[in-house]
Amino acid sequence: MEINSRTSQPKGWPNQLLVWLPIIAGLIVLYLPSLVDLFRGIWSTDQQAHGPIVLAISCWLIYRKWPEMQRASEGQTTSPAAGWPIFIIGLLLYVIGRSQDILLFEIGSVIWILAAFILLMRGSAALKEQWFPLFFMLFMIPLPNAIVDALTMPMKMAVSYVAESILFWANYPMARTGVILQIGQYKLLVADACAGLHTLFTLEALGLLYLNLVRHDSLFRNVALAILIIPISFTANVIRVMVLTLITYHYGDEAGQGFLHGFAGMVLFLSALLLIIGVDSLLHLAVRLKRDRATLPSRA
Amino acid sequence: MNPWLRNVVLLILMLAASGFALALRPTQKIADEGPALNLEAMIPHTFGEWREEEQNRLQIVDPQQQQTIDRIYTQILNRTYVNAAGYRIMLAIAYGDDQRDAMQAHYPEVCYPAQGFEVLSRKSGSIETPIGNIPAMRLVTSLQNRRLEPVTYWVMIGDVAITGGLYKKLAEMRYGLKGFIPDGLLFRVSSIDDDNEHAFQMHRLFITNILSSVSPQERKRISGI
């Protein structure tokens, strides 16, 4: 570490790259097979299609934070006492997860291992700078099917129920059996991918990313928005299901299942994003009003 | 520690972990050992006081659902039995030769609600038979409060009967760490009956009858006892 901090920048840079080389090689050996399996397997399905996007965004976030991390950890001591145990835990999770097909452990281990590297190379100040990208990676970990199914079902039920109620109220010929919606002569099954936990996850990820990029100073606004993303994602899901139902009703089954199905997916994200920005602006207004009111008496 | 030395140590540990993971990966399918399972031939058409009722009602097949079923299970048995008193019991057995994460049995508490059934209650317990006890789940489901359909089911991972959840993963790992990929089986019995206690009692009798009409090896494979 001392060598690095004392050498001047032009000389230090390639040297530093070389020092990281064994780490990069190790990461490739560990995770390239996992990535290949993921892309061939669940990342190619509708339900987990957000996985690669989350990974790409996480990498970009780490890259973006890199200079700040270097600055913050300059001259700081590293933390081997925390780094080594975390590294070993990560490797154990990897071995168990990879060999026994527990994706939760296999993919989850990458967060432990990256955190360990940062602690070992640059210390705890650097980890503090990089916490968000590592936290963001949580969203790319595939959860076990049993958990997803158990949580997805009530959500699908609720989405179907609300979509049915609204359309029925708007005088459409709607009926519902479980998660099967019937409109006119068409039957639609609200599938996992349409209103599942994964969409909630993707939207929560999207919202947190928005928060991180916009960078509020108000803690209240951050926490409130992070919690509000859950009902927002629910609303966006209801909108999507309703849009699909209406497309099917007015333009036929083929339209509903074809190109416009993908279009309804876009509607989901757009409506979620608009809702997030809208709610955020409202929160912003609320915070400002409160501040104004707090400062008014002192002026008077 | 010298950063170079440290990073090389890290690399060696990572390579070792990668090797371990590869070596510990199970490769041997249990299903490929021993005689193949043939559900159709294994479960008799008549046993005890039960006989199979010919099904001639129209089946509507959802192609997407059928595709999922074909991907997950290698064999499926669906039969309705009736006893002398006219009590009907539906038996469904689904068998898959590889039950790991991506392809695993779908539990009735997930499937039933998706079809419009409500799960009214859900209890884990055990079925007492003269030969031994089987851990099982008991659900009471209803279709829009019109008909009650109590369900008794259990899941087999290899030769171990479980009721799902974490037990399933643990049972799989017990095989996996020895290098075996276990097969899986879902054994489900249900009847349309407003009296839950009576229904579960009938399920127990039915299951006891089936188990005593198959060979001990087959019994082990479908019930773990």
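Predicted model: local features only at pLDDT ≥ 70, side-chain atom pairs only at ≥ 80, totals over all residues.
Helix axes here are lines fitted to C-alpha atoms over the stretch in contact, and angles run from 0 to 180 degrees between N-to-C directions.

**The H4–H5 pair in chain A**
- H4 (residues 80-100) and H5 (residues 103-121) of chain A pack at about 160°, and their axes sit 7 Å apart.
- Angles over 145 degrees count as roughly antiparallel, so that's the label for H4(A) and H5(A).
- The crossing of H4(A) past H5(A) is left-handed.
- On the H4(A) side, the residues that meet H5(A) include A:Ile86, A:Phe87, A:Leu93 and A:Tyr94; H5(A) brings in, among them, A:Leu104, A:Phe105, A:Trp112 and A:Ile113.
- Sorted by class, this helix contact comes out at 17 nonpolar, 5 polar and 2 charged residues.

**Where chain A touches chain B**
- Chain A puts 29 residues into the contact and chain B puts in 30.
- The chain A side splits into 19 nonpolar, 7 polar and 3 charged residues.

**Chain B on its own**
- Chain B has 7 helices and 11 strands.
- It runs to 225 residues, of which 33% count as buried.
- Looking at contacts in chain B with a separation of 6 or more, 64% link residues 24 or more positions apart.

How values were computed:
Residues numbered from 1 in each chain as written. Chains lettered and ligands numbered in written order. Helix = DSSP H or I, 4+ residues; strand = E, 2+ residues; numbered from the N terminus. Parallel < 35°, antiparallel > 145°, perpendicular 65-115°, else oblique. Left-handed = near helix turned anticlockwise from the far one by under 90°. Contact = placed C-beta atoms within 7 Å. Nonpolar A, V, L, I, M, F, W, Y, C, P; charged D, E, K, R; others polar. Buried ≥ 20, exposed ≤ 12 C-beta atoms within 10 Å, placed from the backbone.
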